[in-house]
Amino acid sequence: MGKNGQNGVKKIAVLSSGGDAPGTNACIRAIVRVASERGMHVLGVSHGYQGLLNGEIAPLTRRAVGNIIQRCGTILGTSRCKDFTTPEGRAKAAAIIAEHKVDGLIVLGGDGSFRGAAALSQEHGIPIMAVPTTIDNDMHGTDYTLGFDTAVNVALEAIDRIRDTAESHERIFFVEVMGHVCGAIALEVGVAGGADDVLVPEVDTDIDFLCEHLDKGFHHGRRSSIIVVAEGGETGGAFAIAHQVWRRLRYDYRVCVLGHIQRGGTPTARDRVTGSKFGALAVDTLAAGESGLMVGEIGGKTCLTPLEQAFNGRRHADQSLLELARRLTR
Ligand code: F6P
């Protein structure tokens, strides 16, 4: 244990990397406030690993993180950085970290960002903690990634609105949601939004089966239909699927791609609280002299998982939700 009771960890740095996720600002706030309570200094790195390589580093004070908990995005800015995937890029980053006398780095991001963080730690002995921040909820080693709940609720509100116009015009709406190659957002939104079907990358899409279901529904008096389509499926997204259905059924349809609106707005209480818990645990763990871990949540409890587990596997969406969605609409 070091003389300040933090195992010699006096100064830490934090950065966001990859796609921004709601709840990230709550997490940054918790990191700064818990570190400050422990007498540690925090440096904020702007624009992810790219900013680190550019030396975009400045102190983050308790005051600087006031009035941010209610905002989506990340106050630090983020990026996807090619240079950091090379040993040369990481060596340069390590030199900059040493120059700033940083004793530990907290990386907020997804699996790609953590792969880089683990390599930086292994190659240069830099203590690392990782916080899973991605709306996709697709990471191994945690049941929950920050931002998922907000993304789901934003998409759900959009679907509720789309229902009004769909019903008025008696149309089929194909609503595409984000998720990279994971159907977690689509399934949650599909069940909560009462969708007539949910198409996810984890399950092959059967267009004939979908058409039969839609046709039957309209013949039995259904006036409109919502089909939730996860991006990243082999069939090619909502536009491609809608066109294939139209070629068979000729029903009036529209496509709505929700896209990046799912990452903005107001973070839900779930994401603010989880972000706060994750940030506090990341600092406490570094202060305890530990490294190479990802904070996360398993079985409703905040926990720590070896970083490698996070990127040596992918978490698949809960397919029982697909069965449920279909049971409730067929
Ligand atoms: O990984 C998070 C995510 O929001 C995915 O759902 C989506 O496919 C991707 O990022 C979009 O990335 P970008 O913001 O670079 O377009």
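Me: In which loop is the place of Arg250?

Reply: This is a predicted model, in which local features need pLDDT of at least 70 and side-chain atom pairs count only at pLDDT 80 or more, while totals for chains, interfaces and linings use all residues. Numbering starts from 1 along each chain as its sequence is written, and side-chain values rest on heavy atoms, with hydrogens and water left out. Helices (DSSP runs of H or I, at least four residues) and strands (DSSP runs of E, at least two) are counted from the N terminus. On that count, Arg250 sits in the loop between helix 8 (237-249) and strand 9.

Me: Buried or exposed: which word describes Arg250?

Reply: The terms rest on relative accessible area with a 1.4 Å probe and protein chains only: under 20% is buried, over 50% is exposed, and anything in between is partly exposed. Arg250 is not a glycine, yet its phi is positive, at about 60 degrees. Its relative accessible area is 52%, which means that Arg250 is exposed.

Me: What is the relative accessible area of His47?

Reply: His47 belongs to the loop between strand 2 (41-45) and helix 2 (48-54), and although His47 is not a glycine, it has a positive phi of about 60 degrees. The residue counts as partly exposed, its relative accessible area being 37%.

Me: Why is strand 6 largely enclosed by the rest of the structure, and how many of its residues are buried?

Reply: Both faces of strand 6 are covered, with Ile172, Phe174 and Glu176 buried on one side and Phe173, Val175 and Val177 buried on the other. The strand spans residues 172-177, and it is largely enclosed because the buried residues number six of the six.

Me: Which residue of strand 9 is the bridge partner of Phe173?

Reply: Two strands are taken to pair if DSSP finds at least two bridges between them. Strand 6 runs parallel to strand 8 (residues 225-230), to which six bridges join it, and in that pairing Glu176 is partnered by Val229. Strand 6 also pairs in the parallel sense with strand 9 (residues 253-257), over five bridges. In strand 9, the bridge partner of Phe173 is Arg254.

Me: Which residue of strand 5 does Leu108 stand opposite?

Reply: Strand 5 (residues 128-132) is mostly covered, with five of its five residues buried; Ile128, Ala130 and Pro132 lie on one side, and Met129 and Val131 on the other. Strand 4 (residues 104-109) pairs with strand 5 in the parallel sense over five bridges. The residue of strand 5 opposite Leu108 is Val131.

Me: What distance separates the C-alpha atoms of Gly19 and Leu108?

Reply: Gly19 is found in the loop between strand 1 (11-16) and helix 1 (24-37). Leaving aside its neighbours within four places in sequence, Gly19 is in contact (heavy atoms within 4.5 Å) with Arg80, Thr133 and Arg263. Gly19 and Leu108 are 89 residues apart along the chain, and the separation of their C-alpha atoms is 10.0 Å.

Me: What radius of gyration does the chain have?

Reply: The chain comprises 11 helices and 11 strands, and its C-alpha trace spans about 75 × 35 × 35 Å along the principal axes. The radius of gyration is taken over C-alpha atoms, and the globule rule is 2.2 Å times the number of residues to the power 0.38. For 330 residues a compact globule would have a value near 20 Å, which agrees with the chain's 22 Å.
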